[in-house]
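Subject: Structure handover

Hello,

Here is the structure for your files. My notes follow below it.

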Amino acid sequence: MTAIKEDVVSPVLVNQDVIELSGLMVRTSNRAEQDSHTQKIGPLWQQFMGRADIQNNISSPIYGSYYDYESDHNGEFSVLAGWVAGFTQVEADNSELTGLTLAGGDYLRFSAIGEMPAAVIRLWGQVWHYFSADNCQFERSYGTDYECYSSNEGVDIYIGVKLK
């Protein structure tokens, strides 16, 4: 087995268009995610990745979206595991799916390549470190943030921002 190169790239400011998503949703908090008895994000991804329409997907990116923030990283927020709306015929007939509009605007894009989920966990650590730095020129907007998995080995995290 060959080792997968794990690499983290510095953030890039991008102006992102609106993206319409469809998927499974939960409401949680960072505090709840620290306890294995109250975690919801891991089970959400297990349920999502177990869907036949996702297992048969080999071309459409997968999204993990964070939105409807109660306040900031200390409050509750919603998480949607999904894909671009209209990707599957199952959507119209499936009441368990939730639609979400990712807001257009300025985002900082953080990127990593490596074995999942370790690469995305490490990348989120970089995101939190970046925004906690005294000289950070951006402030999180706490509108919509999202992860985009375009391959099994790569992830981009987009954080909605505004200038300080």
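In which helix do Trp-124 and Trp-128 both lie, and how many residues apart are they? Both are in helix H4, 4 residues apart, about one turn of the helix. Helices (H or I, at least four residues) and strands (E, at least two) are DSSP runs, numbered from the N terminus.

Some ground rules. This is a predicted model, where local features need pLDDT of at least 70, side-chain atom pairs count only at pLDDT 80 or more, and totals for chains, interfaces and linings use all residues. Residues are numbered from 1 along each chain as its sequence is written, and side-chain values use heavy atoms, leaving out hydrogens and water.

Now the core. A nonpolar core is a set of buried Ala, Val, Leu, Ile, Met, Phe, Trp, Tyr and Cys residues joined through side-chain atoms within 4.5 Å. Buried means under 20% relative accessible area, exposed over 50%, partly exposed in between (1.4 Å probe, protein chains only). The largest core has 32 residues; Phe-48, Phe-110, Phe-131, Ile-157 and Ile-159 touch the most other members. H4 gives the largest share, 6 residues.

Phe-110 sits in strand E6 (residues 105–113). Its relative accessibility is 0%, so Phe-110 counts as buried. Its C-alpha is 5.1 Å from that of Ile-157, 47 residues away along the chain.

Last, the rings. Phe, Tyr and Trp rings (six-membered for Trp) pair if their centres lie within 6.5 Å; planes under 30 degrees apart are stacked, over 60 edge-to-face, the rest tilted. The count is 15 aromatic pairs. Phe-110 and Phe-131 make a tilted one, 6.3 Å centre to centre with 55 degrees between planes.

Regards
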